[in-house]
Amino acid sequence: MSEREMCAQLLSCVPDFKLRYVLAYLQGLTADEMDDAAFCEQLYQDYLADPDRGETVSLADAAAQLGVSL
């Protein structure tokens, strides 16, 4: 099995919510082949389309979710 085929096979196992991380990593790998302005524009568009954009968690809430004390 080629490395490309192994990557495709592994990609089918990645949960949908993690695909944005895979996409960002792949974009980073190919960035040297893209025009910098186009790459930055794509990052910006991805940011605008991100459903979690703008959501924040307080330090106290994050600590409580992780089970640590401040």
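Predicted model: local features only at pLDDT ≥ 70, side-chain atom pairs only at ≥ 80, totals over all residues.
**The whole chain**

Coloured by secondary structure, the protein chain shows 4 helices and 0 strands, and from the N terminus on its elements run α-α-α-α. The radius of gyration of the protein chain is 17 Å, well over the 11 Å that the globule rule gives for 70 residues, so the chain is more spread out than a compact globule. If you turn the model along its principal axes, the C-alpha atoms fill a box of roughly 45 × 35 × 20 Å.

**The surface**

Of the 70 residues in the chain, buried ones make up 6%. Colouring by charge then brings out 4 positive and 13 negative side chains, and the centres of these two sets lie 6 Å apart.

Now select Leu 10, which is found in helix 1. Is Leu 10 buried or exposed? Its relative accessible area is 58%, and because exposed means over 50%, Leu 10 is exposed. A line drawn from Leu 10 to Asp 36, C-alpha to C-alpha, spans 29 Å in space, while the two residues are 26 apart in sequence.

Move on to Cys 13, whose place is in the loop between helix 1 (3-11) and helix 2 (19-29). Cys 13 has 62% relative accessibility and therefore counts as exposed. From Cys 13 to Leu 29 there are 16 residues in sequence and 21 Å in space, again C-alpha to C-alpha.

**Helix 3**

Select Leu 43 next, a residue placed in helix 3 (residues 36-49). At 39% relative accessibility, Leu 43 counts as partly exposed, because that class lies between the 20% and 50% limits. The C-alpha atoms of Leu 43 and Gln 27 are 9.0 Å apart, with a separation of 16 residues in sequence.

**A charge over a ring**

For the last stop, show the side chains of Tyr 47 and Arg 53 together. What sits over the ring of Tyr 47? It is the charged end of Arg 53, placed 5.4 Å from the centre of that ring. Pairs between aromatic rings need not be looked for, as a search of the whole structure finds 0 of them.

Notes: Residues numbered from 1 in each chain as written. Heavy atoms only, no water. Helix = DSSP H or I, 4+ residues; strand = E, 2+ residues; numbered from the N terminus. Rg over C-alpha atoms; globule rule 2.2 N^0.38 Å. Buried < 20%, exposed > 50% of the residue type's maximum accessible area, 1.4 Å probe, protein only. Lys, Arg positive; Asp, Glu negative; His and termini not counted. Charge placed at Lys NZ, Arg CZ, Asp CG, Glu CD. Phe/Tyr/Trp six-rings, centres within 6.5 Å; stacked < 30°, edge-to-face > 60°. Lys NZ or Arg CZ within 6 Å of the ring centre and 35° of its normal.
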